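I opened my notebook to look up a few things in a structure that was new to me. Here is what I wrote down as I went.

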Amino acid sequence: MKVGIIGLGYVGLPLVIQFAKSGAQVLGIDLDEKKVNALNKGQSYINHISSEDVQNQIDNGRLEATTDSSRVNELDAVLICVPTPLKENREPDLSYVLITGQSIAPHLPEGIVVSLESTTYPGTTEDELRPILEEGSGFKAGINFHLVYSPEREDPGNPASQVAKIPKVIGGFTPECLEKAKDVYSIAIETLVPVSSCRIAEAAKLTENIFRCVNIALVNELKMIYQKMDIDVWEVIEAAKTKPFGFMPFYPGPGLGGHCIPIDPFYLSWKARQEGTEARFIELAGEVNTSMPDYVIGRLGEALKRQGKTVEGSKVLIVGLAYKPDVEDDRESPSYVLMEKLEGLGAEVAYYDLHVPIILPSREYSHFAGMKSVLWNKEGISAYDAAIISTAHSAVDHDQLGDWVPIIVDTRHAISISSPHHEGVIGA
Ligand SMILES: NC(=O)c1ccc[n+]([C@@H]2O[C@H](COP(=O)([O-])OP(=O)(O)OC[C@H]3O[C@@H](n4cnc5c(N)ncnc54)[C@H](O)[C@@H]3O)[C@@H](O)[C@H]2O)c1
């Protein structure tokens with residue numbers, strides 16, 4: 001079987017490797033020539049995917065990458081893993097999905113399975129992508145080609161997370177579409193979870209991420225309440241999670257980050273508005289989560305004040321720029337929000353992140369592009385008035401900071417209580 005994967009990013013590349021390892025012939029398709037060239041040379045560009053894994057699949061002839069989307073005409077199945085961001089007004093931006101649909105439609109071979117994997121609101125596959133594919137190909141979904149939605153569940157940075165072992169939800173446009181898609185995915189994925197429609201599968205993905213977003217907002221709010229009562233929220237969660245049923249731990253932080261949790265819930269709240277209803281939990285969770293950087297800066301301000309200083313004029317180091325531990329992905333990272341707000345208040349800001357040695361240009365934070373991570377040593381870091389631990393990578397010994405800076409605002413519970421320098425640590 002020959003499987004194509006369009007969009008060779010954080011979702012597409014692990015799928016490419018898994019399908020090739022499972023014996024499929026894989027064609028990776030991306031507009032980005034750099035990614036395509038790297039793969040064809042056996043190189044990975046994502047930290048947690050090894051170049052050895054890529055090289056092995058190139059060597060055994062099962063993997064090839066291209067920028068030419070007309071080559072879908074060679075395929076039995078094509079999986080679409082392109083971005084689904086928000087527009088500036090926080091409305092869904094489906095342009096990548098729709099442009100991909102337009103580019104492949106004229107080249108679809110009869111009988112191909114087309115699976116959308118990008119996270120999106122219910123109705124996208126059938127109401128937005130299907131007409132484009134049908135119009136451009138002259139085919140009918142469910143008759144000349146098979147259309148499904150199958151969301152991705154990636155956990156970047158978690159070594160225990162393996163694509164083959166994560167159950168995969170699939171909904172088909174017709175029962176036959178679903179059956180054909182099961183034939184494709186069963187090559188690479190151990191457990192398939194068939195559902196009755198594309199809409200159910202789309203809603204299942206959003207439900208998973210909204211659940212996370214709302215629960216993170218809840219613990220963030222509890223943290224602020226407990227802090228007023230001088231109760232350590234981390235110890236509370238450790239105790240609560242010993243309940244063997246009916247509780248699942250979520251952890252507070254400086255705000256939401258990444259390409260999923262801060263974005264996906266707004267796909268549903270937008271759709272809810274289109275349907276004349278409201279997503280109140282999502283909006284409230286958004287409000288709480290986006291207020292967290294201000295709370296963290298407030299805690300920093302209190303600590304500086306105790307030393308006769310103000311945020312204005314202080315040198316502040318952000319520790320951890322990636323949005324979560326042990327990845328290099330800095331998209332939507334709350335660390336940037338902290339940096340921007342601190343600069344706005346007149347602080348001098350720098351960052352440390354072993355996974356992000358330099359800030360690459362981005363749409364939102366273009367003015368930080370080119371800034372480099374400071375080095376992790378006493379000489380450099382003791383020049384700062386305070387450090388904010390925003391993301392705690394496991395390879396970093398955060399306790400060392402206690403020796404180096406007088407104030408540490410620890411949003412991740414990264415400094416151990418037993419650290420000899422625990423007095424300067426402020427939970428936030
Ligand atoms: N990153 C995650 O952990 C994660 C987890 C689950 C679901 N998702 C969802 O998966 C989708 C992809 O996310 P990602 O993180 O892999 O994005 P990404 O930005 O890492 O990768 C997307 C890739 O698509 C390519 N691309 C864009 N338009 C294209 C086109 N027309 N033709 C060919 N290639 C094109 C880009 O060049 C890029 O390489 C999104 O909908 C996201 O919400 C992401």
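This is a predicted model: local features need pLDDT of at least 70, side-chain atom pairs count only at pLDDT 80 or more; totals for chains, interfaces and linings use all residues.

**Entry 1: the sheet**

Residues are numbered from 1 along each chain as its sequence is written, and side-chain values use heavy atoms, with hydrogens and water left out.

My labels are DSSP runs numbered from the N terminus, helices being H or I of at least four residues and strands E of at least two. I call two strands paired if DSSP finds at least two bridges between them.

Which order do the strands of the open sheet have? I read E3-E2-E1-E4-E5-E6-E7-E8, 8 strands with mixed pairing. Strand E3 (63-66) and strand E8 (192-195) are the edges, since each pairs on one side only. From one strand to the next, the twist averages 25°.

My angles run from 0 to 180 degrees between N-to-C directions, and axes are lines fitted to C-alpha atoms, for helices over the stretch in contact. Helix H4 (residues 95-104) touches E1, strand E4 (77-80) and strand E5 (113-116), and its direction makes about 160° with that of E4. Helix H7 (residues 198-228) packs on the sheet too, touching strand E6 (146-149), strand E7 (168-172) and E8, at about 25° to the direction of E6.

**Entry 2: two helix pairs**

I then followed H7 to helix H9 (residues 264-274): their axes come within 8 Å and cross at roughly 110°. H7 and H9 are therefore roughly perpendicular to each other (65 to 115 degrees; under 35 is roughly parallel, over 145 roughly antiparallel, the rest oblique). I noted Leu206, Asn209, Ile210 and Cys213 of H7 in the contact, with Asp264, Pro265, Tyr267 and Leu268 of H9. These divide into 6 nonpolar, 1 polar and 1 charged (nonpolar is Ala, Val, Leu, Ile, Met, Phe, Trp, Tyr, Cys and Pro; charged is Asp, Glu, Lys and Arg; polar is the others, Gly among them).

How do H10 and H11 pack? Helix H10 (residues 280-306) and helix H11 (residues 334-344) have axes 10 Å apart, at an angle of about 55°. H10 and H11 are therefore oblique to each other. Among the contact residues I listed Pro293 and Ile297 of H10, and Leu338 and Lys341 of H11. The contact of H10 with H11 holds 7 nonpolar, no polar and 2 charged residues.

**Entry 3: single residues**

Is Ser335 buried or exposed? Ser335, in helix H11, is buried at 0% relative accessibility (buried is under 20% relative accessible area, exposed over 50%, partly exposed in between, with a 1.4 Å probe and protein chains only). Not counting residues up to four places away in sequence, Ser335 touches Ile318, Gly320, Leu321, Ala322, Ser390 and Thr391.

I also checked Asp230, which has a positive phi of about 60° although it is not a glycine. Asp230 lies in the loop between H7 and helix H8 (233-240), and is exposed at 73% relative accessible area. Glu332 has a positive phi as well, near 55°. I found Glu332 in the loop between strand E9 (315-319) and H11, partly exposed at 29%.

Technical notes:
Contact means heavy atoms within 4.5 Å.
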